[in-house]
Amino acid sequence: MNALTHTRMNLELLQEFDISVNKHLVVLGGVLPDLSELGIIPLKPAHEHSLAFIDYLRNKDPKMVGLGFGFMLHGESPCGLDFYTHRDGGFIDQNEMEMYTIIHKHKPKLNPQKQKQFAHTLIEFAVDSHADEKYALFFNEAVRTQDLDRIAFHIYNFFGGNPRKIRSVLHFLRRLDARRLLQVERVAKYWKNWMAFQNLSHGSYVKNYLFFTQAVTLTRKKTLVNMLREARQVIYDPYESFFESTKKQLAKTFFKPFDVKVLQNQLNGDFNQAPLLQ
């Protein structure tokens, strides 16, 4: 899922269990594993090594543990939101055929080998456009109030990747107004750029250039805008059902087994009691 869906999930869970400390860090941790989609940090560790990242932060910078907790809520292992989204038979699989219908109708200039990736991205951007404005505002607040250089240091120090690019993307997010991701026309622009940056991170220059020019053509014809409008109508009901059922699963996995007061203390860097986040 994309940034605002992760933000909504993390904030609703924290609110449900009355956890008020370091919410900004948890929200950013719930978004930043997808730096891997741009080739800036490794994909598999970013989505599967959150427990080790929490342990690293506990030892190196305990006040930043909320960042690792957000990575955990995001990821594939243990089973965070992305696990239920991307697994076989998960949310993407359940809604792909509807997206293929929309793609076939609008006939974008698309390499057939990219159709599955395109449908996946269409679902996630359409879902994000349904977020309430309050989640966009909270994300803005999180990225503008936290120490981005400190966050970039720990992400690079643990996961590796390109430290200059990590820092640059984080500071770009500070300039972005996430409310634009609620407007279909704006979403189409960011989707075009997202596809271009993804492909510039992987593969040959010629293939990347061709993909980029195709994406520009799509946007100029407003094909992406029209596809997104249809996709967001189709996806709303199944998304809300998926969101509520998945929130229950995440609550069962990451919150209910633990003493919430101790969990809140540890998210605030206090590990005087036995650690729960392991």
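In the predicted model, Glu244 has a relative accessibility of 32% and is therefore classed as partly exposed. The side chain of Glu244 forms a salt bridge with that of Arg8, with an N to O distance of 3.8 Å. Because Arg8 belongs to helix 1 (residues 3-16) and Glu244 to helix 14 (residues 223-254), this pair ties together parts of the chain that are 236 residues apart in sequence.

With a relative accessibility of 3%, which lies under the 20% limit, Thr246 counts as buried. When neighbours within four places in sequence are set aside, the contacts of Thr246 are with Met9, Leu81 and Tyr84.

The count of salt bridges comes to 13. In general, side chains of opposite charge can pair when their charged atoms come close. One of the salt bridges joins the side chains of Asp55 and Arg58, with 2.8 Å from N to O. Both residues lie in helix 4 (residues 50-60), where Asp55 and Arg58 are three residues apart, or about one turn of the helix. Residues three or four places apart in an α-helix point the same way, because there are 3.6 residues a turn. Asp55 is partly exposed, its relative accessible area being 37%, whereas Arg58 is buried at 13% relative accessibility. A further salt bridge is formed by Arg179 and Asp177, whose closest N and O atoms are 2.9 Å apart. Here Arg179 is partly exposed, with a relative accessible area of 34%, and Asp177 is buried, with a relative accessibility of 17%.

The packing of helix 7 and helix 8 was examined next. The axes of helix 7 (residues 91-106) and helix 8 (residues 115-128) come within 9 Å and cross at roughly 100°. Since angles of 65 to 115 degrees count as roughly perpendicular, helix 7 is roughly perpendicular to helix 8. On the side of helix 7, the contact is made by Phe91, Ile92, Asp93, Asn95, Glu96, Met99, Tyr100 and Ile103. Helix 8 contributes Gln115, Lys116, Phe118, Ala119, His120, Leu122, Ile123, Glu124 and Val127. Classified by residue type, this contact between helix 7 and helix 8 comprises ten nonpolar, three polar and four charged residues.

Ten of the 14 residues of helix 8 are buried, so this helix is largely enclosed by the rest of the structure. The buried residues are Phe118, Ala119, Thr121, Leu122, Ile123, Glu124, Phe125, Ala126, Val127 and Asp128.

Over the chain as a whole, the secondary structure consists of 15 helices and zero strands. Of the 278 residues in the chain, 51% are buried. Among contacts with a separation of 6 or more, 75% are between residues 24 or more positions apart.

How values were computed:
Residues are numbered from 1 along each chain as its sequence is written. This is a predicted model: local features need pLDDT of at least 70, side-chain atom pairs count only at pLDDT 80 or more; totals for chains, interfaces and linings use all residues. Side-chain values use heavy atoms; hydrogens and water are left out. Axes are lines fitted to C-alpha atoms, for helices over the stretch in contact, and angles run from 0 to 180 degrees between N-to-C directions. Helices (H or I, at least four residues) and strands (E, at least two) are DSSP runs, numbered from the N terminus. Angles under 35 degrees count as roughly parallel, over 145 as roughly antiparallel, 65 to 115 as roughly perpendicular and the rest as oblique. Contact means heavy atoms within 4.5 Å. Ala, Val, Leu, Ile, Met, Phe, Trp, Tyr, Cys and Pro count as nonpolar, Asp, Glu, Lys and Arg as charged, and the others, Gly among them, as polar. A salt bridge is a side-chain nitrogen of Lys or Arg within 4 Å of a carboxyl oxygen of Asp or Glu. Buried means under 20% relative accessible area, exposed over 50%, partly exposed in between (1.4 Å probe, protein chains only).
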